Amino acid sequence: MTEKTLGGELSLTDVRRSYGGQRGVDSVSLDVRSGEFLTMLGPSGSGKTTTLNLIAGFLDTDSGSITLDGRELAGIPAHRRELGVVFQQYALFPHMTAAQNIAYPLRVRGVKGAEQRRLVAEALDLVHLAEYGDRTPAQLSGGQQQRVALARAIVFRPRLLLMDEPLGALDKKLREAMQIEITRICRELGATVIYVTHDQEEALAMSDRIAIYNAGRIEQLGTAEELYERPASLFVADFVGESTVLHGTYSAGALAFGGARLTAAAAGTAPADGTAAALVLRPENVAVYPASAEGDVPEGHNRVRATVEEWIYLGVAKKCLLACSDGTVVTARTATTVDEGPLGPGAEAVVAWDPEKSVVVPDHRETAAANQ
Amino acid sequence: MAELGEVDMSGATNATNATATTTGAAAAPARRRPGGTGWNLLVWPALVFLAVLFLLPFFQTALRSVTDPGPANYAIFWTDPVYARSLVTTFLTALVVTVSALLIAYPYAYLMYRSTPVMAGVLTLLVILPFFTSLLVRTYAWTVWLQQTGVINSALLDLGVIDAPLPLMRNLLGVAIGMTHSLLPFMVFPIYASMRRISPALVPAARSLGATGAFAFRTVFLPLTAPGVISGSLIVFVMSLGYYVTPALLGSPNNAMLSELIVNQVEQQVEFGIGSAIGIVLLALTLVFLFLGTRVVRFKDIVTGGR
């Protein structure tokens, strides 16, 4: 089964593609290692699907280079690139059975008879659909169609697997089950995977690394942990996970916010002195104290005064929304056992956090506004 | 009547269910009927209309074909070779028209499918334009082009391409040109509709799996348009069988279609019985082809082009 592996190495260098509208790609560079599961995550129209189409050969690049195992792909038509593609709506051929769908790439390659049947059976087995080969797509559930699409994309041993929002059409429960299934199959095959999604939970759950797309560029590339703990920009902080953002001015290693000076680890490059910056805070790292108990805040932690607005019960946790004097809303996540007593709505409070658990990033939004 | 074709539901007709998550084997759920029984009354004018103006004359004709003077009316197909030959002519003409309409309509529908919405609108308008003019006017317009001293022959003679006028009408060629022209919309629209239902991701998917453009077209696109091709062909074929005006004006009187023989019997010979018998044979012929067609696609799909 492993005569040829799916572990190709893909490299994009300064790839550009303009599209008239906003869906273009502007200078994307990316190296994908053999066997890596790389997700392109971003809002719709940010260029992630365009990048996928450029790799697959459905679109031509304006400039830049895309190589697979060191071989330049420009000029090679889609049908000779040897890439497996799984489409958003599965794109199964409705007039063929599941087995015929899976056999299609083999048929194209002249693989016939017993050899074709063996490979199709193996692929059906891999996706746990051994009994369903004779069904047409219309007779299969969404999840089953998805598996057939996956089997069809890998049966001819492509060097790379491209998936464009493959779970977009499934409901939440099934989606989560399929996430595990797809990761399992890809691991088993040692496949290099480029996965496109706009669902950040899906990206965090499945990927080795994630490329965050914004306006045609990769804003940050890193592991789920890096992106969550050390977002390099306000956009990434906002897009990945829930966060509170405090806007202020950066000088001498601290952010001036209200009357407080807040220190934080800077992600990547620290903002220049005197420029607008933003401090990014994850709700689970924020502690809330009654104003009277400010003495309890550990030494060295950042602290900001705020007024409790509301408590929200989430089941696994409780969420507390607080308003700072300038109106900024801070979100804190606490255990459900926390006593709300002295912290009812309207109560004066202090929010505090470990500077190491927060990040300062340049506030492009404000500088952009200032430059106009 | 809609049940006729459910016997053999080809896989291709399942195309429309591609994205459905439920099992496609189950019959489509009955459409919800609006309102209460009051709405059903609205169907009566149509029923009365059909009964008085269609069913009644039909039974009269059927009756007359065996009573005026007797069933021997049908013997004309054995006794007079003109009628047997006309059966063949009718069938052949319908076949030629269907094939030529298909050959023109498929690329045309594909062009519409690949065009921008505005361009597709213009192309649609061009196909339905014939509907805006009277059939008689259109057919006479063709005689202006096709006759011995017509536009085409004059031009070719003037250019020295030919020495004598080409026989472009008063034969099967003329009939085929005129009928193909006026029946083209019935071929274009079912095919176009079946193309529109194909998910735009299917051909790129085939390409990504290694298929060349031509192979993807042949193995994916073409089979999925089969319901449209079959519907269109059946409609055009069946309509061709009963065409009268165009064959009468552009065809040869020596090689008439059944419809022309009916007119001849009723108007010239005043033999209503024989005319009725030919009419019944023509109807039977039409029903046979409709039935054969429904063995391949569902009757509902022929009428609606597949949805």
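## Where the two chains meet

In this predicted model, chain A and chain B bury about 2,200 Å² between them, and 67% of that area is on carbon and sulfur atoms. On the side of chain A that touches chain B, three elements each supply at least two residues: β6 (83-86), α2 (98-108) and α4 (142-154) of chain A. Sorted by class, this side of chain A has 17 nonpolar, 7 polar and 3 charged residues.

Counting residues in contact gives 27 in chain A and 27 in chain B. The count of salt bridges between chain A and chain B is 0. Polar contacts do occur across the interface of chain A and chain B: the rule finds 4 residue pairs, with both residues at pLDDT 80 or more.

## Chain A as a whole

Next, a look at each chain by itself. Chain A has 9 helices and 21 strands.

Of the 372 residues of chain A, 52% count as buried. Among the contacts in chain A with a separation of 6 or more, 68% come from residues 24 or more positions apart.

## Chain B as a whole

Chain B has 14 helices and 0 strands.

Chain B has 307 residues, and buried residues make up 39% of them. For contacts in chain B with a separation of 6 or more, residues 24 or more positions apart account for 75%.

## An aromatic cluster in chain B

Over all chains, the count comes to 16 aromatic pairs. One of them joins B:Tyr110 and B:Phe217: the ring centres are 5.8 Å apart and the planes stand at 85 degrees, so this pair is edge-to-face. B:Tyr110 lies in helix α3 of chain B and B:Phe217 in helix α9 (residues 213-224) of chain B, so the pair ties together parts that are 107 residues apart in sequence. B:Tyr110 is partly exposed, with a relative accessible area of 26%, and B:Phe217 is also partly exposed, at 29% relative accessibility.

B:Phe217 has another aromatic partner, B:Phe221, and here the pair is stacked, with 5.5 Å centre to centre and 20 degrees between the planes. B:Phe217 and B:Phe221 are 4 residues apart in helix α9 of chain B, so about one helical turn separates them. B:Phe221 is buried, with a relative accessible area of 3%. One aromatic cluster takes in B:Phe217 and B:Phe221 together with B:Tyr106, B:Tyr110 and B:Tyr113.

Setting aside residues up to four places away in sequence, B:Ala101 touches B:Thr180, B:Leu184, B:Met187 and B:Val236. By contrast in topic, take the distance to B:Val48: B:Ala101 and B:Val48 are 53 residues apart in sequence and 36 Å apart in space, C-alpha to C-alpha.

B:Ser240 sits in helix α10 (residues 226-241) of chain B. Is B:Ser240 buried or exposed? B:Ser240 is buried, with a relative accessible area of 0%. A polar atom of the B:Ser240 side chain lies 2.6 Å from the backbone oxygen of B:Val236. Beyond its neighbours within four places in sequence, B:Ser240 is in contact with B:Ala94, B:Val97, B:Met179, B:Leu183 and B:Met257.

## A leucine in helix α13

The last stop is B:Leu292, which is placed in helix α13 (residues 272-294) of chain B. B:Leu292 is partly exposed, with a relative accessible area of 47%. How many residues apart in sequence are B:Leu292 and B:Leu234? B:Leu292 and B:Leu234 are 58 residues apart in sequence, and in space they lie 9.5 Å apart, C-alpha to C-alpha.

Terms used. Residues numbered from 1 in each chain as written. Chains lettered and ligands numbered in written order. Predicted model: local features only at pLDDT ≥ 70, side-chain atom pairs only at ≥ 80, totals over all residues. Heavy atoms only, no water. Contact = heavy atoms within 4.5 Å. Buried area = accessible area lost by both parts, 1.4 Å probe. Salt bridge = Lys/Arg side-chain N within 4 Å of Asp/Glu carboxyl O. Polar contact = N/O pair within 3.5 Å; in protein donor to acceptor, adjacent residues only side chain to side chain. Nonpolar A, V, L, I, M, F, W, Y, C, P; charged D, E, K, R; others polar. Phe/Tyr/Trp six-rings, centres within 6.5 Å; stacked < 30°, edge-to-face > 60°. Buried < 20%, exposed > 50% of the residue type's maximum accessible area, 1.4 Å probe, protein only.
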